[in-house]
Structures are given as structure tokens and as C-alpha cells.
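Here is a short tour for you to follow with the model open beside the text. Take the topics in any order you like.

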Amino acid sequence: MTTFQLTINNGLAILTLDRGRSNAINHQMVKELITAIQTLENDTSVGGLIITGKPGFFSSGIDLIEAYEYNEDQSRALWTDFLSLQRSLVAFRKPMVAAISGHSPAGGCVLAICADYRVMAEGSFIIGLNEIPVGIIVPDSVATLYSFWLGQRRAYQYLMEGKLLKVNEALEVGLVDEVCPPESLLTTAERKIRTYMQLNTVTWSQSKLNLRHELINKLSADQSTALNHMLAQWWAPEVRKGLQMLIQNLKSKTTTA
């Protein structure tokens, strides 16, 4: 069973995340998304990509309930591949718009900020990177990507406090580019991406890569040292204890939903 649905219409691919109620990201989803992005990159019939989720959730981020049970090798593979997915999305040559259909914290936010443009549904949703309060060290590549859109000062402050923004706050600071009613989310996203797709393909793609040159290089650099620090903290007893409490809370919400 795949973790997303993919449709292609008149050169536009729409990838809809489809895993559980909140589209929590596990290793299977990461690997499937990497393969899908590479395939779409090389498909000459595809001129652009919209990534979206379900009503109420774009993605809640890494599936902590599943990831908590991974052994050390599985944990390393998950985070290594997640950083590889981030790099593949950032370096995607074609236009990409994130149609953020609901909550998008942590890993969900990372997926969204890889896009060229972000449209978010109106509602009582949140978006942002809250890894630090959860006990997860923020990789340098993620901080670099966040800073690319928010500027270093604001990204630093938001990361250090694990700030989650409401929809209008995200629009105000430029984390999202446009807000619209949920029922017109895909229409709005398609209207935007087709303006990109109408431009000369070679000119648009090369300009995108030029503008993202430093960012792509940073994300392509060796991440092993940062990953080692991150994983060491992931397995620290106090962090495991905090994650266990968070997971119990998540499970109780799941059973009462």
C-alpha cells in the first residue's frame, strides 16, 4: 500500500500524501517519495508538481510512534534518507507548489518549504519547526532551508523556541505565500504553478538552480557529523523519556479521535 496518490493531468503532477489520518512520515514514505521525485524529474511529460495532503493535515511530520521503535540502524537509515529527500525536493528542477491542506509541523513543514511557492488553507492550523522542544537536534541543512525563506535572525529565534505559527502569522512572515479557503486550495495552487509552467522551461529551471545554488550545495554537503550528534541525542535517556510521554499523548488523541 503506497503512502501517496499521484495523478498527472496536462503535464501537471499532483502528489497527495496519504498515510493515516495525519500523514505521519515513516521510512517507507520517505523512500517512496524519493523514488517518486526522481521519476517525475526525469519524466519529460511532466512540467510541474503540486504536493498536498488531506483536509486538516498536510503532514504531522515524522511518525514518532513508529520511529521510536526503530533500532539504531533503522533510525540512522530514516534520518539519512529524510535529509536525502529534502535535498531531492530542493534541487527539483521543475516548478513545485505546496498546497498545504492543514497542520504542517516539523517534517511536514520541511516538505513544504522545499517548494517554490506555498498556498495554505484557511483554518485553525499550525506550521513551523518544533524539533527542539521535542528533543530533536535541528540538522544544519534544515536550519539553512528555514533561513532561506525567513531570514537568519527570524529562523534562529523560531527554531530555538520551536515556534509553531498560525496560518495568518505564517503568511505575515513569508513562511507561506498565499492563503485561501480549503475548498479552493488545489485550484489556487494550480493557477500559480501553471504561470510558472507557461514560461520557457530551460530558462526557468536554470534560473531556479542558480538562485538555489548555495542552498543546494549546503544540502549536498556531508551531513554525517550532524547526523551523529542528532542520533546520539535521539538515544539519550532523557530524550527517550520525553518522547515516550509525547507518544502516549499522541496515542490517547488517536484513540479518542
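This is a predicted model: local features need pLDDT of at least 70, side-chain atom pairs count only at pLDDT 80 or more; totals for chains, interfaces and linings use all residues.

Residues are numbered from 1 along each chain as its sequence is written, and side-chain values use heavy atoms, with hydrogens and water left out.

- Helices (H or I, at least four residues) and strands (E, at least two) are DSSP runs, numbered from the N terminus, and two strands pair if DSSP finds at least two bridges between them.
- Strands S1 and S2 run antiparallel and are joined by 6 bridges, with Phe4 standing opposite Leu17 in S2.
- S2 also pairs with strand S3 (residues 48–52), in the parallel sense and over 5 bridges; here Thr16 has Thr52 in S3 as its bridge partner.
- S3 in turn pairs with S5 in the parallel sense over 4 bridges, where Thr52 has Ala99 as its bridge partner.
- S5 and strand S7 (residues 117–121) are parallel too, over 4 bridges, and Ala98 stands opposite Arg118 in S7.
- How many residues of S2 are buried? The count is 5 of 6, where buried means under 20% relative accessible area, exposed over 50%, and partly exposed in between (1.4 Å probe, protein chains only).
- In strand S5 (residues 96–100), 5 of the 5 residues are buried.
- In a regular strand the side chains alternate between the two faces of the sheet.
- Both faces of S5 are covered, with Met96, Ala98 and Ile100 buried on one side and Val97 and Ala99 buried on the other.

**An open sheet of 4 strands**

- The order in this open sheet is S4-S6-S8-S9, and its pairing is mixed.
- Its edge strands, each pairing on one side only, are S4 (56–57) and S9 (164–166).
- Strand S6 (residues 102–105) and strand S8 (residues 126–128) pair in the parallel sense over 2 bridges, and Ser104 stands opposite Ile127 in S8.

**Two asparagines with positive phi**

- Asn10 has a positive phi near 50° in the hairpin of S1 and S2, which has 2 residues between the strands.
- Is Asn10 buried or exposed? Asn10 counts as exposed because its relative accessibility is 64%.
- Asn23, a residue other than glycine, also has a positive phi, near 55°, and is found in the loop between S2 and H1.
- Asn23 counts as buried because its relative accessibility is 0%.

**Nonpolar cores**

- A nonpolar core is a set of buried Ala, Val, Leu, Ile, Met, Phe, Trp, Tyr and Cys residues joined through side-chain atoms within 4.5 Å.
- The largest nonpolar core has 73 residues, of which Leu49, Trp79, Tyr146 and Leu175 touch the most other members.
- Apart from it lies another core, of 13 residues, including Ala99, Val119, Ile193 and Trp204.
- Beyond its neighbours within four places in sequence, Tyr146 is in contact (heavy atoms within 4.5 Å) with residues including Cys109, Ile113, Leu129, Tyr158, Leu165 and Leu175.

**Pocket and cavity**

- On a 1 Å grid over the protein atoms alone, a cavity is a set of points where a 1.4 Å probe fits but cannot get out, and a pocket is an open set with protein on both sides within 12 Å along at least five of seven lines; lining residues have an atom within 4 Å of a point.
- Grid points are joined across faces, edges and corners, and a volume is the space filled by probe spheres set on the points.
- The largest pocket holds about 970 Å³ of space.
- Its lining has 37 residues, and the closest to the pocket centre are Ser22, Ser60, Gly61, Ile62 and Leu250.
- Which element gives the largest share of this lining? H13 does, with 5 residues.
- By class, the pocket lining has 23 nonpolar, 9 polar and 5 charged residues, where Ala, Val, Leu, Ile, Met, Phe, Trp, Tyr, Cys and Pro count as nonpolar, Asp, Glu, Lys and Arg as charged, and the others, Gly among them, as polar.
- There is 1 cavity of 30 Å³ or more by this rule, and the largest cavity has a volume of about 40 Å³.
- Leu15, Leu17, Leu33, Ile37, Ile51, Leu85, Leu89 and Leu111 line the largest cavity, a lining with 8 nonpolar, no polar and no charged residues.
- S2 (12–17), H1 (27–42) and H3 each supply at least two residues of this cavity lining.
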